[in-house]
Amino acid sequence: MNRVVITGAGTINALGKNVPETLEAMREGRCGIAELEFRDVDRLSIKIGGQVKGFEPEAIFNRQQLTLYDRFTQFTLMAAQEAITQSGLTFGGELAATTGVVLGTAGGGVGTWDDNYRSVYEDGKNRVHPFVVPKLMNNAAASHVSMQYNLKGPSFTVSTACASSNHAMSQAFAMVRSGMSKAMVTGGSESMLCFGGVKAWEGLRVMSRDACRPFSANRNGMVQGEGAAIFVFEEFEHARARGAEIMAEVVGFAMTSDASDIVMPSKQGAARAISGALADARIPRDKIGYINAHGTGTAANDKTECAAVADVFGTHADKLMISSTKSMHGHLIGGTGAVELLACIMALRDGVIAPTIGYEEPDPECALDVVPNEARDVAVEYALSNAFAFGGLNAVLALRRV
Amino acid sequence: MDVETKVREIIAEQALLDVDEVQMDSTLESLGVDSLGLVESIFAIEEAFDINIPFNANNPAESDFDISSVRSIVEGIQRLVDEKTS
């Protein structure tokens, strides 16, 4: 089996328009959640989110591209450009033939659905733009990355709600580890912050009206975010031979299904995914220094996740650090695991643990070191990234410092 | 529309029971209505009476809306309906 390293990372999200800006915000514990700005927001009862502001697609993409790129594709292309540029890879010949793009998204082109439904239902129009379908399809982002960078290997999109990115990155990792590909472009993207997207989430009544406070006793729900993060996963010897800068190593993953409830999380399902990732990576559990939590800020997730971590790690659960960066960038749904992988890279490469901000009151059911409110400088050798989706589909990745 | 009858009908539908089995002192738990059933019931009640119920599924106990029994739900709805018409 081959070793797999990360040689490129890119992002755009509410905390920053690239990786350095995002990591700086995480280090400073800055909150990217603010008042939502879009049409008909006054008809929503939830008016906050981790929205990407000051982003002007018209200044970046031409008119023809804009007719084809939904906002989730725009985010993906921005992040992919940063990641692939950083990796220094150019794709031709055999490398191009085997490198693919595996991305996660839960909703795909939600904004395109929203705009066009409005046009035909509310405005009574009987005709829509000819590219509505290629613009909104869930695989549009992966396809545009493949076209832009000449990536002709296996490409597809994974859609497993809040675990989409972790499932996608697990697949990409497995492909490079097995020798199927020398490199893969992977990550995820989401853009649901439009009237219909937020209205749908409102219906579930699990959204906070004021802030995302994971693990805090007074937490009152999740807050949506948007954006993308993209990575280049590369076979270690391939990266070393060309002198690439290595950000971290991906060492294992596990995926499990709760097989129980469509929305309520299961401690057993989460615990099996966490212990499965440790087993796959062959890491003794007391080596894990940091976990980037799923940590949505809902009552159900946070206590279930903490119970699962306590079960898997036993007494070591009290020594490791676990934080939820959703408190800063919001919940990017299908893109969330990708943005959160950046916090794992920062922990391993820079020795900086991103905090859980908005933490106000300890909750006896979440009695772990959640790195409240302020980042911490601690050298960490191994980290995990958790994602537990609606539908009971879980995916956990394990990473190591290089 | 009679609030009590309508609320009992909606809860009965969620619980897959006859309306007669939904008594005023029944709790949602005793009727077998889970958290998803509760959110659906609240939605159906809001639609039936054209009101907004201040209910947060994250923390039902801290919502400004008492769901401890069918009676408390009916009383809460009645108040909201009265506020709307007054």
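Two strands pair if DSSP finds at least two bridges between them. Keep that rule at hand, since strand pairing comes up below. The structure shown here is a predicted model.

Start with strand S4 of chain A, residues 100-104. Three bridges join S4(A) to strand S5, residues 156-158 of chain A. These two strands run parallel. Look at Gly104(A): its bridge partner in S5(A) is Val158(A). S4(A) also pairs with strand S6, residues 183-190 of chain A. Here there are five bridges, and the strands again run parallel. In S6(A), Gly104(A) has Gly188(A) as its bridge partner.

Which way do the residues of S4(A) point? Gly100(A), Val102(A) and Gly104(A) point one way, while Val101(A) and Leu103(A) point the other way. In a regular strand the side chains alternate between the two faces of the sheet. Both groups in S4(A) are buried. The strand is mostly covered, with five of its five residues buried.

Now step back to the whole chain. Chain A has 15 helices and 14 strands. Its radius of gyration is 20 Å, close to the 21 Å that the globule rule gives for 402 residues, so chain A is as compact as a globular protein of that length. The C-alpha trace spans about 65 × 55 × 40 Å along its principal axes. Of the 402 residues in chain A, 59% are buried. Contacts reach across the sequence too. Among contacts in chain A with a separation of 6 or more, 80% link residues 24 or more positions apart.

How is chain A divided into domains? The assignment gives domain 1 (4-241) and domain 2 (253-400). The contact between them takes 61 residues from domain 1 of chain A and 56 residues from domain 2 of chain A. On the domain 1 side, the elements giving two or more residues include strand S1 (4-13), helix H1 (19-28) and strand S7 (227-235) of chain A. By class, the domain 1 side has 28 nonpolar, 27 polar and six charged residues. The centres of the two domains, taken over C-alpha atoms, are 21 Å apart.

Next comes the interior. In soluble globular proteins, nonpolar side chains tend to be buried together. The largest nonpolar core here has 144 residues. Phe233(A), Ile274(A), Ala277(A) and Ala383(A) have the most contacts inside this core. Helix H15 of chain A, residues 336-350, gives the most to the core, with 10 residues. Take Ile274(A) as an example. Beyond its neighbours within four places in sequence, Ile274(A) is in contact with residues including Ala308(A), Val312(A), Leu384(A) and Val396(A).

Finally, turn to chain B. Nine residues of chain A are in contact with eight residues of chain B. The chain A side has five nonpolar, three polar and one charged residues. Val206(A) shows contacts to both chains. It sits in the loop between helix H10 (195-204) and S7 of chain A. Is Val206(A) buried or exposed? Val206(A) has 23 C-beta neighbours inside 10 Å, so it counts as buried. Leaving aside neighbours within four places in sequence, Val206(A) is in contact with Gly221(A), Met222(A), Thr298(A), Ala57(B) and Asn58(B).

Technical notes
Residues are numbered from 1 along each chain as its sequence is written. Chains are lettered from A and ligands numbered from 1 in the order in which they are written. This is a predicted model: local features need pLDDT of at least 70, side-chain atom pairs count only at pLDDT 80 or more; totals for chains, interfaces and linings use all residues. A residue is buried if 20 or more other C-beta atoms lie within 10 Å of its own, exposed if 12 or fewer, and partly exposed in between; C-beta atoms are placed from the backbone. Helices (H or I, at least four residues) and strands (E, at least two) are DSSP runs, numbered from the N terminus. Two residues are in contact if their C-beta atoms, placed from the backbone, lie within 7 Å. Ala, Val, Leu, Ile, Met, Phe, Trp, Tyr, Cys and Pro count as nonpolar, Asp, Glu, Lys and Arg as charged, and the others, Gly among them, as polar. A nonpolar core is a set of buried Ala, Val, Leu, Ile, Met, Phe, Trp, Tyr and Cys residues joined through C-beta atoms within 7 Å. Domain bounds come from an automatic or database domain assignment. The radius of gyration is taken over C-alpha atoms; the globule rule is 2.2 Å times the number of residues to the power 0.38.
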